[in-house]
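Hi everyone, thanks for making time today. I'd like to walk you through one model, so please have a look at it with me.

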Amino acid sequence: MGRLIPALTRRLFQGLFVAWGVSTVCFGLMTALPGDLALRVALARYGEDLPSREVVSHVRKQERLDRPVAVQYVQWLTHTVQWDLGRSLVSGRPVASELRFHFRKTLVLGGAALVMSLALAVPWGIWAGLRPGAGFDRFSAGLSSALVSIPGFVLGVLLILALAVRWKWFPAAGFTRPGHLVLPALTLAVGLAAVSNRVIRTAVAEVKESFFITFARIKGLPSRRIVVGHGIRNAAAPVVTFIGLQLAHLLDGVVVVENLFDWPGLGHLILEAVMSRDLPMIQGAALLIGAVYVLVNAAVDLICLELDPRQAMREATL
Amino acid sequence: MSLWRLFGASLVALVVLVALAGPFFVERSPTRQDLSRALGGPSWSEPLGTDPLGRSVFSRLIHGARESLLLALVCVGLSAGTGMVLGLAAGFKRGLVDAVVMRLVDGLLAFPGILLAVVVAGWMGGGRWALILALSITGWCDYARLARNLVRRLLAEDYVQAGRLLGFSDFFLARKYVAGQVWPHLRTLAGLGLGRTILNLSAFGFLGIGLKPPTPEWGAMITQALPYMTDHPLLVIAPGAAVFLTVFGFNLLSIESGRPHD
């Protein structure tokens, strides 16, 4: 435990720094945009009909967009450290509660996708890794390359056409019933599994060839005990690291998939906020995502330390 | 396994050929609308039918190949160029240059890339340069890392040390020793990068923050066809297949040329 505390503290500061950096860069980009911010907000708020000059100047006054950028930034920062993320420029609702709702939706979708991807990738990767270079391994290498090359939205559309339109097994879009979760989660899961099955395969192949497995075999351990006691744990460390990396990158896929399936998660929220220049909303989302990024990475590091104590020794000597 | 690579190479060759020569052979303009022929199915004159505005899907696909490849080449070229120069500098100069470049790389990779890209691409309502910036803003990091680590490893070698002692300049050392070593890695990274950029470009097009509407772009073609996909699935499948085959080609070509399958 002794060495965990400084590591965690460092992570915490790193997390705060990344979250601050992300939201500051977003603020800079959004305020540096050419064009009238107030006009964009008015458009998003009152519809596409060109709002009159009075409406625009009303929005500008009300949201205090006429102040200097530096003042706006300092104001946002002081409010944020007091846990006040402000209100959406478009809907007028508190950013924090909007984020909470959308983040929960994304968590559900991402969690379902992760579980599905593991259900696909673990047996697939182990099967290929037990006999590297054999027919199935070669076939699965080609299949993985092919699946990686399909854009998420094309895969999603194909799944809709097959499973929703033709066979009517699952609904195509919406978010009210659990069935709505299946297609978007499956779309994300196939993309994730296409990569992670190769990582699992390599980990399994390496552990299988390793000295300690040979030794256990020479010792005469039954193969069940070799796999459970020595194999899984050793193969798991690189896989967990990779899955953590994937989780961080899951967000890339989420933006596309949520917009295809009309799933009201963070990806949906971000795109809409950028389109309508909803500054406080973008800021809040950026803070949240930056924090999640660092948290996921920290969790992965901790799990790997637990799985493979040798790493801790290596880090301690650094 | 080289059969896969051959397949990848022929896919890439086909797409490049279509992008270069295709537009000269297709008579119909990719942007000419003809509402009287909207949503026409496949025929002899229109092998892939027409879209909701009566534009030729075939022609749009072919002109789209040119757009995608050109943009991807520019992005990967920019990323590779910037990354190699910064990485070489960091590798040879050490000290402050190294610290600044590598912290910048760490910082950018700790960033949620998609958020940055969406914000940048939404910038200026998605002009072409904003799009290029969004697609390559984090792309150079891989090249910088590669170049720096390679230089560091080579500088420790006896023959490079000997060259240093003889008074050869960093530039000469880089040209003489690093260039030959870096090429296979660079080829792999650039090939994968081309595939990924085309994938991202189509995703941006799909989200409505890519190339501006009348420009034929594969991702945007899919978005425009979504409301009609139940009755006209070809409108979605054709551009989807175009993206897939192009990216698949680049991936096969570069994965197989680098490390053996993984």
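A word on ground rules. This is a predicted model, where local features need pLDDT of at least 70 and side-chain atom pairs count only at pLDDT 80 or more, while totals for chains, interfaces and linings use all residues. Residues are numbered from 1 along each chain as its sequence is written, and chains are lettered from A and ligands numbered from 1 in the order in which they are written.

Now, chain B. Its secondary structure comes to ten helices and zero strands, helices being DSSP runs of H or I with at least four residues, strands runs of E with at least two, numbered from the N terminus. The C-alpha trace of chain B spans about 75 × 40 × 30 Å along its principal axes, and buried residues make up 46% of its 262 residues.

What does Val118(B) touch, leaving aside its neighbours within four places in sequence? Its partners are Val255(A), Ile270(A), Leu271(A), Val274(A) and Ile209(B), where contact means C-beta atoms, placed from the backbone, within 7 Å.

Across the interface, 35 residues of chain B are in contact with 37 residues of chain A. On the chain B side, helix 10 gives the most, with nine residues. By class, that side has 25 nonpolar, nine polar and one charged residues; Ala, Val, Leu, Ile, Met, Phe, Trp, Tyr, Cys and Pro count as nonpolar, Asp, Glu, Lys and Arg as charged, and the others, Gly among them, as polar.

Last stop, chain A. Helix 9 (211–219) and helix 10 (223–261) of chain A pack at about 155°, axes 10 Å apart; axes are lines fitted to C-alpha atoms over the stretch in contact, and angles run from 0 to 180 degrees between N-to-C directions. These two helices of chain A are therefore roughly antiparallel, the label for angles over 145 degrees. Phe212(A), Ile213(A), Ala216(A) and Arg217(A) in helix 9 meet Ile226(A), His230(A) and Gly231(A) in helix 10.

Key:
Angles under 35 degrees count as roughly parallel, over 145 as roughly antiparallel, 65 to 115 as roughly perpendicular and the rest as oblique. Two residues are in contact if their C-beta atoms, placed from the backbone, lie within 7 Å. A residue is buried if 20 or more other C-beta atoms lie within 10 Å of its own, exposed if 12 or fewer, and partly exposed in between; C-beta atoms are placed from the backbone.
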